Amino acid sequence: MRTRRGVAWIAGVLCAVAMLPVATANADNPIIQTIYTADPAPLVHNGRVYLYTGHDEDGSTNFTMREWRVWSSADMVNWTDHGSPLNLASFSWADANAWAGQVVARNGNFYWYVPMRSRSTGAMAIGVAVSSSPTGPFRDALGHPLVGNGEIDPTVFIDDNGQAYLYWGNPRLWFVRLNTDMISFSGGPTQIPLTTAGFGTRTGNPSRPTLFEEGPWVYKRNGLYYLVFAARCCSEFIAYSTGTSPTGPWTFRGTIMPTQGSSFTNHPGVIDFNGSSYFFYHNGALPGGGGFTRSVAVERFTYNADGTFPTITMTAAGAPQVGTLNPYVQQEAETIASESGVETERSSEGGMNVGWIENGDWIKVKGVAFGAGATSFSARVASATGGGRIELHLDSLGGTLVGACTVPGTGGWQSWRDVSCSVSGATGTHDVYFRFTGGSGFLFNVTWWRFNAL
Ligand code: FUB
């Protein structure tokens, strides 16, 4: 059934806009704005960043999460929505809590490690799904948990010698050595000693004397092993430890990201991409956002010369763009830097489409390189109502209008046809605002667009 985000979300927006200090949907950070997302897990593959997240349901009151989502970007600012290729129903043995996971690539496959509640035990356990594509579809690789001890937040690291390690935990911290098939392990789960030298000192909670809370993220850089984690609850901040081996001993190194951002949890994901380093996290900065309605965001950072982290703070601007976006190849309509009012869904022609478009909604795509100039614009659209118009503005919603395409009714929300219109004045590099106009109610859907040059 075609429904818009719930009434609770709209009510949340009305109260929260006045209360929230940081970003609105007009800012570029958080980077995902069509739904609430949490627990970012970035993966660099073939010149793109694939971003795996959880999905906080609208109106979530206690980590109500039923599916995981995938996004990707080649430039760190325009993110393409690949939908949800994995959810609780993918695991016959699980019934709730699609929480924080991570994907790693190996053997030509992509392995997604995720925590869920076991239907039979009622306790959290960790499953593994596999796909030959980073965007799925993923299937349960085992039909049962890979490991289950009631704890959460798996992260996987493959060392230079090929040995893979699965780490997870809250309140304790564990690892196992994964076999090369990535879906079995050798030896039993081993507990990592949570010492104050290794993980810092927490006061006021005798059962948790160190700062380690959850959300470990393990990787290696310049021969040093990093264990980044969500520290102290609540509200959490992000801290890290380093070691000279993947199994420690670990030395506490301090804070990376202080407590900020209207969410009492946070969750790290760290990558190097295209010569820069990026820190992914989540906060409650979108309208209606908070501890159970979180959003994934990113900052670019530079390691200190000795390999330690600088302090990273949350911003509404996010990371700068890497390169530009080519408007002369087909671009998915669900490739978005920021937006207002739209949502996405599976398209009958593959991938996703943008829908739920109403008068005044818009999408911004950043850093579009027109070069010598575009002469026309084409889009693939569908409308079960009377359609509307796609206005093409440069650099702001009220910026220069370089073209406007009429979208007719097509007889259905998935009855696709091409429309095109002439363009003039689009030269050089600009942000493009697609401003959607028309009558009342839902107007039309868009699944892709492109500009054309002579
Ligand atoms: O998203 C549910 C849980 O909240 C995650 O598993 C934790 O890391 C925390 O972010």
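Student: In this predicted model, over how many bridges do strand S16 and strand S17 pair?

Tutor: Strand S16 covers residues 224-231, and strand S17 covers residues 237-243. Within this pair, Leu227 stands opposite Ser241 in S17. The two strands run in the antiparallel sense, and the number of bridges joining them is seven.

Student: Which strands are the edge strands of the open sheet?

Tutor: The open sheet has four strands with antiparallel pairing, in the order S15-S16-S17-S18. An edge strand here pairs on one side only. The edge strands are therefore S15 (212-221) and S18 (250-257).

Student: What is the average twist from one strand to the next?

Tutor: The sheet in question is the one ordered S15-S16-S17-S18. From one strand to the next, its twist averages 25 degrees.

Student: Is Pro42 buried or exposed?

Tutor: Pro42 belongs to strand S1 (residues 36-45). Its contacts beyond four places in sequence include Val49, Trp217 and Phe280. Residues under 20% relative accessible area count as buried. Because its relative accessible area is 3%, Pro42 is buried.

Student: What separates the C-alpha atoms of Pro42 and Pro268?

Tutor: Pro42 and Pro268 are 226 residues apart along the chain. Their C-alpha atoms are separated by 9.6 Å.

Student: What percentage of the ligand's exposed area does the protein bury?

Tutor: The residues around the ligand include Asp39, Ala100 and Asp153. Oxygen atoms of the ligand lie 2.5 Å from an N or O atom in the side chain of Asp39 and 2.5 Å from a polar side-chain atom of Asp153. A polar backbone atom of Ala100 is 3.4 Å from a ligand oxygen. Taken alone the ligand exposes 280 Å², of which the protein buries 99%.

Technical notes:
Residues numbered from 1 in each chain as written. Predicted model: local features only at pLDDT ≥ 70, side-chain atom pairs only at ≥ 80, totals over all residues. Heavy atoms only, no water. Axes fitted to C-alpha atoms, helices over the stretch in contact; angles between N-to-C directions. Buried < 20%, exposed > 50% of the residue type's maximum accessible area, 1.4 Å probe, protein only. Contact = heavy atoms within 4.5 Å. Near = heavy atom within 4 Å. Polar contact = N/O pair within 3.5 Å; in protein donor to acceptor, adjacent residues only side chain to side chain. Areas by Shrake-Rupley, 256 points an atom, 1.4 Å probe, with all protein chains shown as cover.
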